[in-house]
Amino acid sequence: YLVLIWLFLCNFSRFIAKPCAINLGIQDSGPHRAQPNAILEKVFTSITKSPDGKRLEGLSKQLDWDVRKIQRWFRHRRNQDKPTTLTKFCESMWRFTFYLSIFFYGIRFLWTAPWFWDTRQCWYNYPFQPLTSRLYYYYILELAFYWSLMFSQFTDIKRKDFLIMFVHHLATIGLITFSYMNNMVRVGTLVLCLHDASDFLLEAAKLANYAKYQRLCDAFFMLFGVVFIVTRLGIYPFWILNTTLFESWELIGPYPSWWLFNGLLVTLQVLHVIWSYLIVRTAYKALMRGKVSKDDRSDVESSSEEEDVTSNSTKGIFSTSSNGSNRINGHVAGGQWTEE
């Protein structure tokens with residue numbers, strides 16, 4: 001299934017996402033490229049991509065360049081290896097399509113499931129609960145998708161929340177696999193559906209940002225923030241954790257894997273708190289200033305302080321870099337943050 005998802009992604013990006021991006025006027029052009037310089041290129045590839053003050057002074061004397069000009073060269077050089085806005089638009093459109101589709105599939109499936117309305121049903125007759133075909137495919141698709149996100153983290157740009165997202169993907173894959181092997185799929189479907197409820201809104205905000213529809217981007221981000229906080233800080237602990245921690249203990253007792261299962265679920269809750277803080281901080285900045293001065297997880301670095309000031313004058317909730325791009329990986333945005 002992982003291979004099938006990868007093949008579908010390749011064709012989706014080529015035949016659906018890319019034509020949509022081009023129709024919206026998104027060009028396949030990257031950041032400003034650094035001018036060729038053999039000495040600086042050797043330092044960049046062999047020694048360091050971010051030289052310290054002492055090395056900058058030495059390069060300044062060697063090249064007879066101003067220190068700020070050398071700093072600007074290194075910024076441009078780091079940026080030119082990063083993906084274009086078109087590439088990021090295609091990636092976000094794929095994630096948006098998957099999250100939206102799987103969310104509505106989950107809602108449609110769970111609407112008639114008794115455990116959706118009464119979480120105690122998750123533990124009745126456990127572990128002798130039937131695994132229907134619809135439940136099986138729901139699980140397998142989610143598992144394959146999160147494995148694809150795990151692998152893509154090592155090929156994408158390394159972002160500031162790399163470790164948080166890596167832990168999140170590990171915990172998610174661990175929970176999906178563990179709950180499937182132990183036939184805890186009923187409560188597993190609740191966790192999956194709850195997490196999908198806000199993810200497609202974040203991807204929609206990113207798509208609007210790449211297409212330069214700032215007001216639409218801001219609206220989607222605000223809606224995402226509300227849904228995220230309500231589901232992750234409200235419904236998740238009082239609905240999901242309540243049934244896994246207390247109702248399961250009451251109905252089936254402390255089964256051998258109880259501590260591991262709930263440990264993974266609590267780990268997710270800790271990540272939810274961190275991401276919610278980032279969302280609230282971003283929204284606060286937007287309300288207080290009317291813009292966010294800097295994207296904490298921006299893909300592209302500003303080439304100079306003057307360029308920062310110029311570009312910031314046009315930024316909304318999502319910071320827009322010098323090539324009009326921004327990326328929030330997976331879950332957190334923070335005009336700031338968080339693909340995914």
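**Entry: salt bridges**

I began with E203 and K206, whose side chains meet in a salt bridge at 3.2 Å, N to O. The model is a predicted one, so I read this as a computed contact. Both partners sit in helix 9, three residues apart, which means that about one helical turn separates them. Buried or exposed, I wondered, for E203 and K206? Both are buried.

D199 forms a salt bridge with R232, and their closest N and O atoms are 3.4 Å apart. This pair links distant parts of the chain, with D199 in helix 9 (residues 185-210) and R232 in helix 10, 33 residues apart. I checked the burial here too: D199 and R232 are both buried.

The side chains of E250 and R120 also meet in a salt bridge, again listed N to O, at 3.2 Å. E250 lies in helix 10 (residues 214-252), while R120 is in the loop between helix 6 (114-117) and helix 7 (133-152), so this pair ties together parts that are 130 residues apart in sequence. E250 counts as exposed because its relative accessibility is 54%, over the 50% cut-off. R120, at 24%, counts as partly exposed.

**Entry: helix 2**

Next I turned to helix 2, residues 38-46, and looked for its buried residues: L40, V43 and F44 are buried. They cover an arc of only 100° around the axis, so they lie on the same side of helix 2. What do the buried residues of helix 2 pack against? I found helix 3 (53-63) and helix 4 (67-80).

On the face turned away from that buried side, I noted the exposed residues A38, K42, T45 and S46. I also looked at the start of helix 2, where a side-chain oxygen of N37 comes to within 3.2 Å of the backbone nitrogen of I39.

**Entry: a nonpolar patch**

Last stop, the surface. Which residues form a nonpolar patch there? I wrote down M222, Y284, L287 and M288, with about 450 Å² of accessible area together. Helix 11 (residues 258-289) gives the most to this patch, with three residues. Y284 is found in helix 11, and I noted Y284 as exposed because its relative accessible area is 52%, with exposed meaning over 50%.

Conventions:
Residues are numbered from 1 along each chain as its sequence is written. This is a predicted model: local features need pLDDT of at least 70, side-chain atom pairs count only at pLDDT 80 or more; totals for chains, interfaces and linings use all residues. Side-chain values use heavy atoms; hydrogens and water are left out. Patches are made of residues with over 30% relative accessible area and no salt bridge: like charges are joined within 9 Å, nonpolar side chains (Val, Leu, Ile, Met, Phe, Trp, Tyr) within 5 Å. Accessible areas come from the Shrake-Rupley method with a 1.4 Å probe; for residues, only the protein chains shown count as cover. A salt bridge is a side-chain nitrogen of Lys or Arg within 4 Å of a carboxyl oxygen of Asp or Glu. Helices (H or I, at least four residues) and strands (E, at least two) are DSSP runs, numbered from the N terminus. Buried means under 20% relative accessible area, exposed over 50%, partly exposed in between (1.4 Å probe, protein chains only). The arc is that of the directions from the helix axis to the C-beta atoms. Contact means heavy atoms within 4.5 Å. A polar contact is a pair of N or O atoms within 3.5 Å; within protein, one must be able to donate a hydrogen and the other to accept it, and residues adjacent in sequence count only if both atoms are side-chain atoms.
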